[in-house]
Amino acid sequence: MELAAVFTDPFVLSCTILCLLLHLALRSLRPTSASGRRLPPGPSGIPLLGALPLVGPAPHTGLAALARKHGPVMYLKMGTCGVVVASSPSAARTFLKALDARFANRPAVASAADITYGCQNMVFANYGPKWKLMRKLASVHLLGARAVADWSRVRRDEAGRAVRGIAEAAEAGRSVVVPELLVCALANIVGQITVSKRVFDAQGDESNSYKEMIVSLLTGTGLFNISDFVPALSWMDLQGVQAKLRRVHTQFDGLITKLLAEHAATAEDRAREGRLDFVDKLRASKDDEDGETITEINIKGLIFDMFTAGTDTSSIIVEWAMAEMMKNPSIMARAQEEMDRVVGRDRRLEESDIAGLPYLQAVCKEAMRLHPSTPLSLPHFSFEECEVDGYRVPASTRLLVNIWAIGRDPDAWEDPLEFRPERFLSGPAAKVDPMGNYFELIPFGAGRRICAGKLAGMVFVQYFLGTLVHAFEWRLPDGEEKVDMAETFGLALPKAVPLRAVVTPRLVPAAYA
Ligand code: HEM
């Protein structure tokens with residue numbers, strides 16, 4: 001028989017498919033033991049998919065339930081991939097501190113590669129010289145403490161525009177949709193500091209469709225996509241996730257390409273006026289002493305990171321904090337009373353006021369504890385085999401840190417399900433900050449892959465939440481009695497129903513000018 005005929009022969013084809021399925025099924029069963037040490041405890045799976053179906057549509061809650069049964073360090077076989085899940089502060093400390101270097105990679109995930117120019121960005125880059133250079137340049141020119149302080153004027157300006165827009169809505173008797181106005185403001189900040197461009201003139205259809213793009217990207221990449229766990233089946237794209245992500249990516253790439261073309265056309269003006277933005281600075285310092293360099297694709301990848309990782313994440317936390325405060329009016333009143341005392345009602349809140357507002361800071365921490373914007377963080381991937389609590393964790397294992405479960409761990413938090421900012425004012429939690437040093441509260445992750453934008457994220461959340469709560473009274477629209485607190489799972493964890501509210505100004509009229 002000729003070779004071509006062999007592959008079209010129905011019998012040979014059926015046998016090949018059967019062998020492939022059998023091979024996948026065997027690989028997906030939980031390996032028992034090897035090299036004398038056992039794998040960490042975890043559920044057994046079913047052939048082919050392993051434990052994937054046990055995780056359910058909201059993996060952060062599904063994995064938390066499994067961890068209650070199997071323990072805070074749990075090993076699952078999902079499809080053909082080994083996954084270890086850390087679900088307690090001490091398990092997170094083990095993986096993100098003691099074993100940080102070994103788990104510093106990202107897994108090769110088809111759905112991420114599709115939208116990140118083949119992982120040429122910082123968020124999905126493997127741990128190595130290119131990632132280090134991107135991270136260093138982003139820190140020096142955009143996200144480090146000095147850089148974040150340098151662009152406070154941009155944040156002040158966008159917060160002012162947001163406040164004016166809300167005041168106009170109030171005057172016209174219109175309600176406002178909190179996440180829409182926040183994402184519009186944050187995207188405009190990111191646009192200005194990266195490519196000197198406000199991306200949306202005002203909140204409206206254009207900014208709302210941008211938000212939809214980000215939501216689709218975060219939802220799509222966060223989904224437990226069968227193709228990512230059984231790569232041999234990825235060509236079938238069984239859930240249609242990749243096709244959708246590729247469509248949204250084409251749209252997003254169109255936006256970035258347009259921004260970069262406009263940016264190139266105005267480069268000389270910026271150089272003459274000495275007002276260089278992130279992309280200008282990246283191009284001027286793109287090579288390191290070891291010969292590593294940032295390409296134009298990396299620049300696109302970094303812009304993509306800043307818009308996706310930098311907008312919805314912060315806005316989700318502010319929205320949840322507002323929702324919790326509207327649900328608990330005494331918390332809203334206490335925050336407003338603190339701001340009236342420290343800031344007064346004659347002007348808007350400034351970033352420099354935040355240091356004197358401990359209750360506002362506590363509200364932000366409490367929102368990050370109960371509603372972390374990336375509940376399973378981002379996946380890490382191990383370089384080599386290691387030992388954890390006497391168990392063997394093989395090389396090439398994916399690590400998921402269940403930040404959501406850790407924030408609700410009853411061994412770490414008293415009354416963990418209650419929204420109680422006071423817990424951060426006195427007692428054991430008073431010293432806890434969310435910047436990666438206290439493993440019971442790690443909304444930004446921890447270790448060397450900790451969120452590169454944690455300082456910016458913290459300022460966004462505190463400043464925008466403070467500004468909105470100080471400048472307006474917030475209530476639900478007529479006819480709505482309860483704040484809907486349901487979540488939608490993706491890579492991020494937004495409210496299922498966007499928070500809509502009716503507002504009344506509470507400062508002197510000049511503060512809204
Ligand atoms: C409150 C807001 C934010 C939260 C809760 C948050 C959370 C996170 C988390 C959990 C990670 C993964 C950490 C890990 O892999 O262990 C991450 C990574 C990242 N975040 Fe954020 N983030 C926020 C805001 C921002 C902002 C404002 C930016 C940039 C403008 C940003 C840029 C990034 C980047 C570039 C990474 C990838 C870092 C790397 O892989 O080396 N984030 N973030």
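**Cys-451 and the iron**

I began with the UniProt record, an unreviewed entry that places the feature "binding site" at Cys-451; its positions are given in the numbering used here, its feature names are shortened, and its annotations may be inferred rather than shown by experiment. What I have is a predicted model, in which local features need pLDDT of at least 70 and side-chain atom pairs count only at pLDDT 80 or more, while totals for chains, interfaces and linings use all residues. Residues are numbered from 1 along each chain as its sequence is written, and side-chain values use heavy atoms, with hydrogens and water left out.

I then looked up the iron atom of the ligand, which has a single donor from the protein, Cys-451 (SG), 2.3 Å away. Donors here are N, O and S atoms within 2.8 Å of the metal (3.2 Å for Na, K and Ca), and water is not among the atoms, so sites may look incomplete.

I found Cys-451 in the loop between helix H19 (403-407) and helix H20 (454-471), helices being DSSP runs (H or I) of at least four residues and strands DSSP runs (E) of at least two, numbered from the N terminus. Cys-451 counts as partly exposed because its relative accessibility is 30%; buried means under 20% relative accessible area, exposed over 50%, and partly exposed in between (1.4 Å probe, protein chains only). Leaving aside neighbours within four places in sequence, I noted that Cys-451 is in contact (heavy atoms within 4.5 Å) with Arg-135 and Phe-444.

I traced four strands that form an open sheet of mixed pairing, in the order S3-S4-S9-S6, where two strands pair if DSSP finds at least two bridges between them. The edge strands, each pairing on one side only, are S3 (73-78) and S6 (380-381). Within the sheet, S4 (residues 81-86) and S9 (residues 398-401) pair in the parallel sense over four bridges, and Ala-86 stands opposite Val-401 in S9.

In helix H5 (residues 89-98) I listed Pro-89, Ala-91, Ala-92, Phe-95 and Leu-96 as buried. They lie on the same side of H5 because they cover an arc of only 160° around the axis, taken from the directions from the helix axis to the C-beta atoms. These buried residues pack against S3, S4, S6, strand S7 (386-388), S9 and H19, whereas the face turned away from the buried side carries the exposed residues Lys-97 and Ala-98.
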